[in-house]
Amino acid sequence: MNHLAISSPCARLMNASMLLLALLLAACSAQESGPEIRLGPDAHPADLRCPRSSNCVNSLEGSGLPALRYAGSAAQGMTLLRTTLASHPEATIVRSSPLWLEVIFTTPLGFRDQVDFVLDAESGQINFRSQSLLGRYDFGKNRARMTAFSARFGSAR
């Protein structure tokens with residue numbers, strides 16, 4: 001008897017679950033997505049507004065996520081930010097300047113999220129925007145990531 005040809009109810013359920021997950025992900029990614037919002041070395045915190053889609057959070061528009069706070073110079077703030085990012089293996093710094101970073105976070109399923117950080121040297125804070133680059137809904141991933149990132153950043157101070 002060929003045991004590979006027989007599938008148990010558990011295996012069929014797992015296959016059906018995987019198919020359903022794939023269909024859900026395809027439906028989410030098939031929705032209209034916004035282009036990457038490219039900032040640059042002269043980025044200002046006001047540039048971190050979110051587009052109208054629900055897959056974006058920031059530290060500005062009443063999203064309930066506060067800016068990251070640091071003590072010392074802007075260089076010290078950037079060092080702390082880079083150190084915190086280094087503890088996230090899914091993060092890749094794409095572009096940077098002394099007061100700004102563009103970072104891509106890649107999820108285990110291969111989805112990419114863009115996070116921009118802008119340091120405000122006068123106030124000693126770092127504002128950010130985190131947005132999915134595909135689809136309109138992210139199941140709360142950007143909010144959860146930035147909440148955890150903020151906690152890790154705060155504990156590294």
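This briefing looks at one helix and at the salt bridges of the structure. The model is predicted, so local features need pLDDT of at least 70 and side-chain atom pairs count only at pLDDT 80 or more, while totals for chains, interfaces and linings use all residues. Residues are numbered from 1 along each chain as its sequence is written, and side-chain values use heavy atoms, with hydrogens and water left out.

**Helix 2**
- Helices (H or I, at least four residues) and strands (E, at least two) are DSSP runs, numbered from the N terminus.
- Buried residues (under 20% relative accessible area, with exposed over 50% and partly exposed in between; 1.4 Å probe, protein chains only) in helix 2 are A74, G77, M78, L80, L81, T84 and L85.
- They share one side of helix 2, because they cover an arc of only 160 degrees around the axis, taken from the directions from the helix axis to the C-beta atoms.
- A75 and A86 are exposed, on the face turned away from that buried side.

**Salt bridges**
- There are three salt bridges in the structure, each a side-chain nitrogen of Lys or Arg within 4 Å of a carboxyl oxygen of Asp or Glu.
- E102 pairs with R95, with the closest N and O atoms 3.0 Å apart; E102 is buried at 1% relative accessibility, whereas R95 is partly exposed at 27%.
- R145 and D113 come to 2.7 Å between their closest N and O atoms, linking helix 3 to strand 5 across 32 residues.
- D116 meets R129 at 2.9 Å, N to O; D116 lies in strand 5 and R129 in strand 6, so the pair ties together parts 13 residues apart in sequence.
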